[in-house]
Amino acid sequence: MSNPSISIKFFVILALFSVLLLIPVMAFASEQAATLEPVAETVPAASSMPWWGWPLILFVVTFFLGIAAVLGGVGGGVLFVPIIGGFFPFHIDFVRGAGLLVALAGALAAGPGLLKKGMADLRLALPVALIASACAIVGAMIGLALPAKVVNIALGGTILGIVAIMLMAKKSEYPEVKQADNLSTALRISGVYHEVSTGQDINWKIHRTPQGLFLFIIIGVMAGMFGLGAGWANVPVLNLLMGAPLKVSVATSKFLLSITDTSAAWIYVNNGAVLPMMVVPSIIGIMLGSLVGVKLLTRAKPTAIRYMVIGLLLFSGLRALLKGLGIWN
Amino acid sequence: MDNKLKATEEQIAYAKLLDIGMKVGLLSITVTFIIYLSGLLTPHIPINDLPKYWSMPVKEYLHTTGIHTGWSWLYMLGKGDFLNFLGIAFLAGVTIVCYMRIIPILFRKKDTAYGILAIIEVLVLVLAASGILKAGGH
């Protein structure tokens, strides 16, 4: 059942989140306004490892990230950016470009099956996707214009916010929607899906559509700015706020990423922030890992793995934050 | 059985095209990457020098390597590293084609609102892909 207090909690977390995100951006803006001197960035020294060393490690790590993402119920992008950005020698610009393409490839691979089965809903996705993809362009442009330290601080804050959402936000299998709102009625956003586990056909409709669409502005900007994918935010908004059943929310969110990340990915591609030597091993590694993850899903203990993923995110979020603040370089 | 239980015509059309596009895209990035690694085509950036560049901010990387932004990679497809952009661009372009596929279906079904939404989405994605939008470097 839909719980208003959960929705309020989610709103509060997302608002705090936006503030966390805006603080370093605004600090940078005022710094720039105060002085027209360019901000110098430290360029790390090249690694002494042979050229193939880091791409190989990247492939192995993304393989395990693919397994962890499936078992932990998160998207690959949200793990990829903070972990690779925090512990690999690649610049955060290229990490975000690769992160978006990793999330995009995963969403494109899952999309056809989810659409054909009717789990992902095109009518629900289209209006949301338009807002999120347009805002992802803005996010990508802001992200590429900011210095690495500001991006790292904002990314660290965002990842810590995601950890809070993962720990606090509950899920509702079949949220109670007493009456569809006017906008969703006009757009005829509703449906029926077949729940295999119970053999039931579930009728669903949504409410609070304008509020949901508004939140997708923030989600789109964040997706583009950090290259994270946005499943961590899409699902709570679609499920808890707008009242779509959990499975429809998860499936539509995954499909949605294929549109949101497309627009942001083009900005990174066109601005040179894509290195094939990072992108291709990452995509292949995470996809192979996902395949193994799906096979392990029946034997694994999801709660333990979920906490492990949360721990990983917490650690990499702190790392990004401290790296940005110059405390842990 | 309720008709709503079945995915709509436009949803199926989108899914079918996405399925083909996604498979061709993933195959392309794999094949072009193998060509890149094999050294069949000389890369613009020597593969041994890559570690010098991947830790640079993108603006500095572009300046140092003399790589231009936007669609300039199209003129460099003869280089092993830039050949990879063919598959990457294909993956990033699949969604635009899928949207274009469903626009006539939506208008035929007199679903004007969604037809217009789909057209606007195509315009947004084409704008992103056009290379017109330049991020201010840092």
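A: From the N terminus on, chain A runs α-α-α-α-α-α-α-β-β-α-α-α-α-α, which comes to twelve helices and two strands. Please keep in mind that this is a predicted model. Chain A has 329 residues, and 59% of them are buried. Among its contacts with a separation of 6 or more, 85% are between residues 24 or more positions apart.

Let's zoom in on helix H3 of chain A, residues 76-87, and its partner, helix H4 of chain A, residues 92-116. Their axes lie 8 Å apart, and the two helices pack at an angle of about 160°. Angles over 145 degrees count as roughly antiparallel, and H3(A) and H4(A) are therefore roughly antiparallel to each other. Their crossing is right-handed.

Which residues bring H3(A) and H4(A) together? On the H3(A) side they are A:Gly76, A:Gly77, A:Phe80, A:Val81, A:Ile84 and A:Gly85. Facing them from H4(A) are A:Ile92, A:Val95, A:Arg96, A:Gly99, A:Leu100, A:Val102, A:Ala103 and A:Gly106. Sorted by class, this contact has eight nonpolar residues, five polar ones and one charged one.

The buried residues of H3(B) pack against H4 and helix H5 (122-145) of chain A, together with H2 of chain B. Those buried residues of H3(B) are B:Val58, B:Lys59 and B:Tyr61. Looking down the axis of H3(B), you would find them within an arc of 165°, so they line one face of the helix.

In total, 59 residues of chain B are in contact with 62 residues of chain A. On the side of chain B that touches chain A, at least two residues each come from helix H1 (9-38), helix H2 (50-53), helix H3 (58-65), helix H4 (80-108) and helix H5 (112-130) of chain B. H1(B) gives the most to that side, with 13 residues. By class, the residues on this side of chain B divide into 37 nonpolar, twelve polar and ten charged.

How values were computed: Residues are numbered from 1 along each chain as its sequence is written. Chains are lettered from A and ligands numbered from 1 in the order in which they are written. This is a predicted model: local features need pLDDT of at least 70, side-chain atom pairs count only at pLDDT 80 or more; totals for chains, interfaces and linings use all residues. Axes are lines fitted to C-alpha atoms, for helices over the stretch in contact, and angles run from 0 to 180 degrees between N-to-C directions. Helices (H or I, at least four residues) and strands (E, at least two) are DSSP runs, numbered from the N terminus. Angles under 35 degrees count as roughly parallel, over 145 as roughly antiparallel, 65 to 115 as roughly perpendicular and the rest as oblique. A crossing is left-handed if the near helix is turned anticlockwise from the far one by less than a right angle, and right-handed if clockwise. Two residues are in contact if their C-beta atoms, placed from the backbone, lie within 7 Å. Ala, Val, Leu, Ile, Met, Phe, Trp, Tyr, Cys and Pro count as nonpolar, Asp, Glu, Lys and Arg as charged, and the others, Gly among them, as polar. A residue is buried if 20 or more other C-beta atoms lie within 10 Å of its own, exposed if 12 or fewer, and partly exposed in between; C-beta atoms are placed from the backbone. The arc is that of the directions from the helix axis to the C-beta atoms.
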